[in-house]
Amino acid sequence: MFKQINLPQSTQKDDGFAMYHVDEETCKLLLEEGDTALQFTFPEPNSGFAVALLTDKGTVITGASYKSDTHNTTMQSEAVALARAAQQGETRIVAITGPNCHNCKQLVWESSIRSKIDTIVIIQEEGNIKQIPISELMPYAWPDKNLNK
C-alpha cells in the first residue's frame with residue numbers, strides 16, 4: 001500500500017533531537033511521489049497541493065489537498081499526509097515535501113517536537129533540491145521544543 005525505503009541511522013543533535021540524512025535519491029523520490037499525488041486533489045484533480053512524507057520506519061505516505069468552497073474548512077495536503085501517517089501508527093516524521101503555508105509548518109513543527117526528530121523539509125527551487133530542518137523554519141516557534149506554551 002505504501003512505499004518502503006531503507007533509512008540510515010539518525011544522528012543526535014546537541015538539543016537532543018534526532019536528525020536523519022536524506023540522500024538526493026530519496027529526496028527525488030519524495031518529490032515525485034508528491035507530484036504523483038496531485039491527481040488526488042479534490043474536487044478537481046491536479047488543482048491543489050500534494051506532499052509526500054517519510055517516517056522513521058522508511059514508509060512514504062502522501063497527502064493531497066481537499067478543497068472546500070468555504071476555504072476555511074479546506075484540508076491541506078500536509079495535514080492529510082500527517083493524519084494518514086498517524087492512522088498507520090507512524091508519527092515519527094523524518095522528512096516532508098513542502099510545506100506550503102505557515103499553518104502546515106506549525107503542524108510539522110508540533111509533530112517534530114513530539115517525536116524529537118528535527119523533520120527535514122524538502123523543497124525544489126529552480127531545479128535545485130534543498131533540505132531545511134523544520135527548526136530553522138520556525139525560529140520563534142510556539143510551543144517551544146519542551147512543549148512550553
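User: Ground rules before we start?

Analyst: This is a predicted model, in which local features need pLDDT of at least 70, side-chain atom pairs count only at pLDDT 80 or more, and totals for chains, interfaces and linings use all residues. Residues are numbered from 1 along each chain as its sequence is written, and side-chain values use heavy atoms, with hydrogens and water left out.

User: How many salt bridges in the whole structure?

Analyst: The search finds 7. A salt bridge here is a side-chain nitrogen of Lys or Arg within 4 Å of a carboxyl oxygen of Asp or Glu.

User: What does K3 pair with?

Analyst: K3 forms a salt bridge with E33, and the closest N and O atoms are 2.7 Å apart. K3 sits in strand β1 (residues 3-4) and E33 in helix α1 (residues 24-37), so the pair links distant parts of the chain, 30 residues apart. Helices (H or I, at least four residues) and strands (E, at least two) are DSSP runs, numbered from the N terminus.

User: Is E33 buried or exposed?

Analyst: E33 counts as buried because its relative accessibility is 18%, while K3, at 42%, counts as partly exposed. Buried means under 20% relative accessible area, exposed over 50%, partly exposed in between (1.4 Å probe, protein chains only).

User: And which residues are in a network with K13?

Analyst: The side chains of D118 and K13 meet in a salt bridge at 2.5 Å, N to O. D118 lies in the loop between α3 and β7, and K13 in the loop between β2 (11-12) and β3 (18-19), so this pair ties together parts 105 residues apart in sequence. K13 also meets D15 in a salt bridge, at 3.6 Å, N to O. Through shared partners, K13, D15 and D118 join into one network.

User: How accessible are those three?

Analyst: D118 is buried, with a relative accessible area of 1%. K13 is partly exposed at 23%, and D15 is partly exposed at 33%.

User: New topic. How do β7 and β8 run?

Analyst: Strands β7 (residues 120-125) and β8 (residues 128-133) run antiparallel and are joined by 6 bridges. Two strands pair if DSSP finds at least two bridges between them. Q124 has I129 in β8 as its bridge partner.

User: What is in the turn?

Analyst: The two strands form a hairpin with 2 residues between them, and E126 in the turn has a positive phi of about 50°.

User: Last one: what does S111 touch?

Analyst: S111 is in helix α3 (residues 102-115). Not counting residues up to four places away in sequence, S111 touches L82, T91 and I93, where contact means heavy atoms within 4.5 Å. S111 counts as buried because its relative accessibility is 15%.
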